[in-house]
Amino acid sequence: MTRRNWPDYARQLAPGLMIAILVAISAQFVAEHYGAPAMLMALLFGIALNFLGDEESAAPGIAFGSRGLLRIGVALLGARISAALLADLGLATLLMLTVSTALTIFFGIALGRLLKLGPRFSVLTAGAVAICGVSAAMAIAAVQPVSERSERNLMFTVMGVTLLSTIAMILYPAIATGLGLSEHQAGIFLGGTIHDVAQVVGAGFSISPETGETATLVKLIRVGMLAPVVLILSIAYRNKRDQGDSASIPILPGFVVGFAALAALSSLGLITEWLRDVLGHLSRWALLIAIAGVGLRTRLDEVLQVGARPIALLVGETLFLGVFIIAACKLLGL
């Protein structure tokens with residue numbers, strides 16, 4: 001698009017984008033005043049107003065919010081990652097988190113095949129569970145070939161991981177205490193299994209400050225695994241010659257490049273704490289608006305058509321990750 005067309009393009013996006021922004025603001029208000037997960041609220045509010053997505057004037061802006069802002073939000077997450085985070089956790093914990101991510105994805109693919117579900121859907125749910133919930137689901141969906149079920153599968157995954165993560169925030173601290181995990185081990189368990197940062201912080205600090213700090217650190221390391229996993233998936237989908245739309249999948253998605261660049265700058269100490277906080281807030285709002293846009297484009301009746309097998313897949317992947325992290329903490333003495 002040429003420079004002279006940008007004002008017209010902005011006017012075209014404005015109506016739908018403003019709707020998505022208002023939905024996101026409403027979701028944040030409910031989250032701050034009533035303790036509900038902001039991502040889930042944005043999703044549900046968007047679904048309730050999905051008739052607006054059919055409006056010709058609103059459709060372009062809503063589409064941009066659900067796709068363009070998604071990539072921006074994921075890229076900005078890189079500012080929170082640094083080499084210092086990796087060093088603080090130690091090699092054994094880093095290896096364990098890497099292995100847990102890979103095994104959870106492979107387990108999801110195997111379980112999905114057993115349940116006779118498509119491999120793309122299995123990768124989408126497993127990646128969301130293994131890495132960082134909603135952000136991972138949306139990033140993986142962005143590099144998967146588009147099909148008529150893409151929006152429905154993404155919507156189900158976002159709703160599922162958000163609900164399961166909220167349940168985990170309530171139950172997992174009690175499980176960690178009941179199993180006799182140390183404060184450090186409990187932090188690894190909570191940070192390694194709960195998806196949303198706010199839920200990780202809430203669960204961790206409900207046990208102790210040390211647990212909360214460890215859980216938050218582990219969670220951020222999981223976020224850092226998003227870039228390599230998305231890059232590998234992007235290459236894998238592109239190399240499948242039987243898919244006619246594979247050529248549209250970039251080898252190196254721009255948002256992954258942005259994520260890696262910001263992580264590198266952060267590691268070099270070129271991003272101040274103030275700027276890191278600003279970029280973190282921008283990332284969160286971009287993702288919140290994006291998920292509102294996804295809700296505005298989705299019909300609830302289509303999401304509910306997924307049936308029991310996808311639910312079993314998502315629950316199975318969540319249980320696998322939780323059991324693996326607990327076993328690793330116990331057996332390796334982390």
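In this short talk I will go through the nonpolar cores, a surface patch and the aromatic pairs of the structure above.

Please keep in mind throughout that this is a predicted model. Let me begin with the inside, where the largest nonpolar core has 98 residues, and where the residues with the most contacts inside that core are Met138, Phe189, Leu226, Val230, Phe255 and Ile291. The largest share of this core, 9 residues, is contributed by helix H8, which covers residues 150–178. There is also a second, separate core of 5 residues, and Leu76, Ala79, Leu262 and Ile271 are among them.

What does Phe255 touch, if we leave out residues up to four places away in sequence? Its contacts are Arg71, Val74, Ala75, Ala139, Ala142, Val143 and Val230.

Let me turn now to the surface, where Ile167, Ile170, Leu171, Ile175 and Leu179 form a nonpolar patch with about 440 Å² of accessible area together.

Finally, we come to the aromatic rings, for which the count comes to 4 pairs. One of these aromatic pairs is formed by Phe121 and Phe156, whose rings are tilted, at 5.8 Å centre to centre with 40° between the planes. Phe121 lies in helix H6, residues 119–130, and Phe156 lies in helix H8, so this pair ties together parts that are 35 residues apart in sequence. Phe121 and Phe156 are both buried. Elsewhere, Phe107, Phe320 and Phe324 form one aromatic cluster.

Conventions:
Residues are numbered from 1 along each chain as its sequence is written. This is a predicted model: local features need pLDDT of at least 70, side-chain atom pairs count only at pLDDT 80 or more; totals for chains, interfaces and linings use all residues. Side-chain values use heavy atoms; hydrogens and water are left out. A nonpolar core is a set of buried Ala, Val, Leu, Ile, Met, Phe, Trp, Tyr and Cys residues joined through side-chain atoms within 4.5 Å. Buried means under 20% relative accessible area, exposed over 50%, partly exposed in between (1.4 Å probe, protein chains only). Helices (H or I, at least four residues) and strands (E, at least two) are DSSP runs, numbered from the N terminus. Contact means heavy atoms within 4.5 Å. Patches are made of residues with over 30% relative accessible area and no salt bridge: like charges are joined within 9 Å, nonpolar side chains (Val, Leu, Ile, Met, Phe, Trp, Tyr) within 5 Å. Accessible areas come from the Shrake-Rupley method with a 1.4 Å probe; for residues, only the protein chains shown count as cover. A salt bridge is a side-chain nitrogen of Lys or Arg within 4 Å of a carboxyl oxygen of Asp or Glu. Rings of Phe, Tyr and Trp (its six-membered ring) pair if their centres lie within 6.5 Å; planes under 30 degrees apart count as stacked, over 60 as edge-to-face and the rest as tilted.
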